Amino acid sequence: MNGKGPEGTGGSSALPASPLEWKFSQVFGERTAGEEVQEVDIISAIEFNKSGDHLATGDRGGRVVLFERTDVRNHGNRRELERQDYPISRHPEFRYKTEFQSHEPEFDYLKSLEIEEKINKIRWCQTSNSALFLLSTNDKTIKYWKVQEKKVKRIATLNMDTSETGGPSLRLPVVTGQETNLVARCRRVYAHAHDYHINSVSNNSDGETFISADDLRINLWNLEISNQSFNIVDVKPANMEDLTEVITCAEFHPHHCNMLAYSSSKGSIRLIDLRQSALCDNHSKLFEEHEAPGSRSFFTEIIASISDIKFAKDGRHILSRDYMTLKLWDLNMDSGPVATFQVHEYLRPKLCDLYENDSIFDKFECCLSGDGLRVATGSYSNLFRIFGCTPANTEATTLEASKNPMRRQVPNPTRPARALSSLTRAVRRSSETPGVDANGNSYDFTTKLLHLAWHPSENSIACAAANSLYMYYA
């Protein structure tokens with residue numbers, strides 16, 4: 001998104017309109033046919049670190065699993081350095097690195113409330129001295145972890161020996177070699193700061209602070225101080241009966257440490273500047289799409305709730321996901337989204353059924369490619385969708401989280417002309433036929449792909465289907 005396209009989304013005009021060819025790369029934890037998945041093994045968070053050389057997943061059992069890249073080039077070779085100016089297609093490979101128990105189930109006796117160990121979010125922090133640092137959180141408690149290699153010495157012989165006289169004599173122990181083990185240590189615990197479930201954690205670009213958000217408040221923390229935080233956003237009304245919306249997600253700006261954005265259950269995104277006020281009661285900008293006259297229904301506000309927001313790497317755009325759509329916003333234009341992508345429009349006639357079985361409250365995540373040219377999000381039947389977000393790219397690809405990602409590919413319908421709205425400049429796209437896949441089978445709403453992450457510098461995606469981690473590259 002470095003350039004400025006005619007629709008405000010940016011990108012290179014030379015980008016081909018044809019979609020990328022996505023290929024299966026790896027799978028971890030794949031289940032066999034008929035195998036039941038344990039609830040504690042279901043993946044609930046995915047995150048690449050800034051370099052893309054490490055990947056972390058969290059599950060509902062409170063475990064964090066780390067993977068590391070194994071096909072990294074040797075940057076010391078001059079020829080390889082010269083080749084970095086050209087795109088190189090290579091097969092990304094990761095391997096299991098280590099895992100640790102981040103959270104345990106707890107019980108709040110004062111409120112008679114059980115606190116699940118499920119990992120809600122994982123965020124990588126700055127690396128130091130070859131050690132890895134990350135934040136993980138469940139509903140109530142955030143933890144700061146350090147993972148590093150420790151060398152363990154082994155003693156080959158004991159320090160006791162029997163001499164010819166029959167009496168023991170002391171001798172120095174003999175050490176024969178070393179083993180390197182990965183050790184995860186919890187350095188800080190940030191607790192007792194949220195009355196409601198934590199839905200977001202975001203690191204600041206200054207490397208020193210981070211925010212955590214629940215339904216009504218956003219707190220600012222210093223990584224080195226765990227016993228206090230500063231409340232910067234509080235939307236709790238004096239009378240809870242007057243509550244009309246809640247905070248659903250919060251994210252720091254990738255470059256400006258004084259700016260952050262948070263979304264609400266009413267489908268709006270507020271940009272705030274910490275330089276204006278210590279308590280950010282007022283926002284700098286408000287991003288929301290106005291309803292078309294006569295389009296409101298019982299489900300309008302429910303499906304408008306934003307479940308995830310992500311800043312683009314350039315810091316100028318924000319991607320948001322509500323139940324039905326992806327929206328791309330330009331920070332310089334608050335009149336409406338610059339692009340809107342229909343994720344599963346076929347569900348609109350089924351909203352009543354989805355409300356009754358609570359599926360309408362599923363929280364799908366979204367992600368952007370490092371170059372800002374594509375966006376992705378999940379759907380039902382373990383499907384995920386990739387859209388091109390530049391005027392020259394009409395890509396809308398549907399993939400399945402399996403070893404054969406193209407088998408559930410749905411032919412795209414004829415696209416309407418891409419006319420710009422004078423109010424929202426929105427581009428609407430659809431990538432599926434209503435209700436059925438290419439083979440005529442109905443979609444399975446019990447299997448859903450909620451969590452996925454895009455590699456920060458390559459066209460590589462990691463996504464979670466139940467307890468399995470699938471990886472793809474283009």
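**Exercise 1. Which residues make a nonpolar surface patch of about 320 Å²?**

Step 1. Know what you're looking at. This is a predicted model, where local features need pLDDT of at least 70 and side-chain atom pairs count only at pLDDT 80 or more, while totals for chains, interfaces and linings use all residues. Residues are numbered from 1 along each chain as its sequence is written, and side-chain values use heavy atoms, with hydrogens and water left out.

Step 2. Get the rule. Patches are made of residues with over 30% relative accessible area and no salt bridge; nonpolar side chains (Val, Leu, Ile, Met, Phe, Trp, Tyr) are joined within 5 Å, like charges within 9 Å. Accessible areas come from the Shrake-Rupley method with a 1.4 Å probe, and for residues only the protein chains shown count as cover. A salt bridge is a side-chain nitrogen of Lys or Arg within 4 Å of a carboxyl oxygen of Asp or Glu.

Step 3. Name the members. The patch is made by Phe298, Tyr355 and Phe361.

Step 4. Zoom in on one of them. Tyr355 sits in helix α3, residues 351-356; helices are DSSP runs of H or I with at least four residues, strands are runs of E with at least two, and both are numbered from the N terminus. Tyr355 has a relative accessible area of 33%, so it counts as partly exposed. On this scale, buried means under 20%, exposed over 50%, and partly exposed in between (1.4 Å probe, protein chains only).

**Exercise 2. Sketch the chain as a whole.**

Step 1. Count the elements: there are three helices and 33 strands.

Step 2. Look inside. Of the 474 residues in the chain, 48% are buried.

Step 3. The accessible surface comes to about 23500 Å², and carbon and sulfur atoms hold 49% of that.

Step 4. Check the contacts, meaning heavy atoms within 4.5 Å. Among contacts with a separation of 6 or more, 58% are between residues 24 or more positions apart.

**Exercise 3. How many disulfides does the chain have?**

Step 1. Apply the cut-off, a pair of cysteine sulfur atoms within 2.5 Å. The count comes to zero.

Step 2. Cys125 is buried at 13% relative accessible area, and Cys389 is buried at 1%.

**Exercise 4. Is Asp322 buried or exposed?**

Step 1. Find it: Asp322 is in the loop between β23 (317-321) and β24 (325-330).

Step 2. Read off its accessibility. The value is 8%, so Asp322 is buried.

Step 3. List the polar contacts, which are pairs of N or O atoms within 3.5 Å; within protein, one must be able to donate a hydrogen and the other to accept it, and residues adjacent in sequence count only if both atoms are side-chain atoms. A polar atom of the Asp322 side chain lies 2.7 Å from the backbone nitrogen of Thr325. The side chain of Asp322 also pairs with the side chain of Lys327 at 2.8 Å.

Step 4. Setting aside residues up to four places away in sequence, Asp322 touches Ile303, Ala304, Ser305, Ile306 and Lys327.

**Exercise 5. Trace some salt bridges.**

Step 1. Start with the total, which is 22.

Step 2. Take Arg217 and Asp195, whose closest N and O atoms are 3.8 Å apart. This pair links distant parts of the chain, 22 residues apart: Arg217 is in strand β16 (residues 217-222), and Asp195 is in the loop between β13 (174-190) and β14 (200-203).

Step 3. Now try Arg316 and Asp330, which meet at 2.7 Å, N to O. Here Arg316 is in the loop between β22 (308-311) and β23, while Asp330 is in strand β24, 14 residues away. Arg316 is partly exposed at 22%, whereas Asp330 is buried at 3%.

**Exercise 6. Which backbone oxygen does the side chain of His103 reach?**

Step 1. Check its cover. His103 is buried, at 0% relative accessibility.

Step 2. Follow the side chain, which reaches the backbone oxygen of Thr141 at 2.8 Å.

Step 3. Finish with the surroundings. Beyond neighbours within four places in sequence, the contacts of His103 include Gly61, Gly62, Glu117 and Lys143.
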